[in-house]
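Hi,

Here is the structure I promised to pass on. Have a look at it first, then read my notes below.

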Amino acid sequence: MTATTDPATTASVLLPSGVGLDRYHLGEPGQWRRPVAPITSRVVYAAAHVVPKTLADNTPGAPADLDWDTTMAYRHELWSYGLGVADAMDTAQRGMGLDWAATRELIERSGREAAAVGGLLACGAGTDQLASGDVPGGARGLAVITDAYREQIDVVRAAGARVILMASRALAGAASSPADYLSVYGSLLAEADAPVILHWLGEMFDPALRGYWGSTDIKSATGVLLKLIEQHADKVDGVKVSLLDARHEVELRRALPAGVRMYTGDDFNYPELIIGDDQGHSDALLGIFAAIYPAASTALQELDAGNRDIAQNILESTRALGRHIFAAPTFYYKTGIAFLAWLNDHQRGFTMVSGLATGRSVSHLCEVFVLADRAGLLADPDLAAHRMREFLSVNGVG
């Protein structure tokens, strides 16, 4: 179900190579399909990005000014393929250009749109409304952080979405021991009126989260997380782990209490983690699914039908693209997500909040283009080729 290349019939682009320009012939899009019934074999969320207005001031530090129609249309596209939407997450540039005022509106709008179509929606609740000077030391600081979480949880719950307790930069900076994490999260889980998703985002995604759960030793940090979950298993729907370490995820998945899901956040190793083994599988909450959603949906439909090998082959065909988009510095993976959205006509321009469209090189984005084509993920090859030529031209290539 991947693209095939026929130089006689396909669009082409002159792409930079080591010695000049080489003509690249695009293949055909994959034979992806929307589901006719809900996907049941896995619970899957695609973490969606946001689109600024065409003439927004996207300089770093400027308030986010979003094109709401386009941003919401992308979520409807994901829902139409049977995937849930994970909103207001790091893919949406939380703490990386998307301020709390825009985040709050994003959550509220997504809640209304999800309700209108019956779409599955989970949204991030964090502490990014706090400025660096807002958090005092000691127990008082932990109380401020807990209250900030509560404020955002209330917004997510009012929108009708499942709560994702995001990793907090403020907590990472204020906590002096694992006990501080257990205290803050324990209070929030005790108050939860419905099970939540816990979120462990590794430092490769956000360096400010180094040492989360009170230790830079992954085994020790995992022990703290498991202790928290065991104490509040009835309040935890699942845990989303983004450490890009498949072995660790499988070990943690097997250690979780019955009924607590593992949502893979591993954008490198998702094919085998989602397919699973004879001891279980991971569900998914993935940024890469916002880029590969037609293929991901088709794979999950095959899994529902019992066609495990076909499902694995489809997911495997997208792995190279996922690894490239999320290559170090992983912080800038969002640039590749937005670039593909532009190539596929889901936004008018290749623009991002806070100027993050400049986060990757021309060479990197050329490879995104090629790998997306090889995976059959350029829906209209002629349009994608045209936009790629425009991108190269404005960057002085040609």
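**Asp90 and its surroundings**

The side chains of Asp90 and Tyr333 are joined by a polar contact of 2.6 Å. Keep in mind that this is a predicted model. To find Asp90, go to the loop between strand E4 (84–87) and helix H2 (100–117).

What is the nearest side chain of opposite charge to Asp90? That's Lys240, 4.7 Å away. A salt bridge has to be within 4 Å, so Asp90 has none, even though Asp90 is buried. Not counting residues up to four places away in sequence, Asp90 touches Met96, Met166, His199, Leu201, Phe205, Tyr333 and Lys334.

**The nonpolar cores**

The largest nonpolar core has 130 residues, and Leu198, Tyr212, Phe289 and Phe369 touch the most other members. Helix H9 (residues 289–304) gives this core its largest share, ten residues. Leaving aside neighbours within four places in sequence, Phe289 is in contact with several residues, including Val44, Leu78, Tyr270 and Leu315. There's also a second, separate core of ten residues, with Ala47, Ala122, Tyr263 and Leu285 among them.

**The whole chain**

Zooming out, the protein chain has 14 helices and ten strands, and 57% of its 398 residues count as buried. The C-alpha atoms fill a box of roughly 65 × 50 × 45 Å along the principal axes. The radius of gyration is 21 Å, which agrees with the value near 21 Å for a compact globule of 398 residues. Among contacts with a separation of 6 or more, 71% are between residues 24 or more positions apart.

Cheers

How values were computed
Residues are numbered from 1 along each chain as its sequence is written. This is a predicted model: local features need pLDDT of at least 70, side-chain atom pairs count only at pLDDT 80 or more; totals for chains, interfaces and linings use all residues. Side-chain values use heavy atoms; hydrogens and water are left out. Helices (H or I, at least four residues) and strands (E, at least two) are DSSP runs, numbered from the N terminus. Buried means under 20% relative accessible area, exposed over 50%, partly exposed in between (1.4 Å probe, protein chains only). Lys and Arg count as positive and Asp and Glu as negative; His and the chain ends are not counted. A polar contact is a pair of N or O atoms within 3.5 Å; within protein, one must be able to donate a hydrogen and the other to accept it, and residues adjacent in sequence count only if both atoms are side-chain atoms. Contact means heavy atoms within 4.5 Å. A nonpolar core is a set of buried Ala, Val, Leu, Ile, Met, Phe, Trp, Tyr and Cys residues joined through side-chain atoms within 4.5 Å. The radius of gyration is taken over C-alpha atoms; the globule rule is 2.2 Å times the number of residues to the power 0.38.
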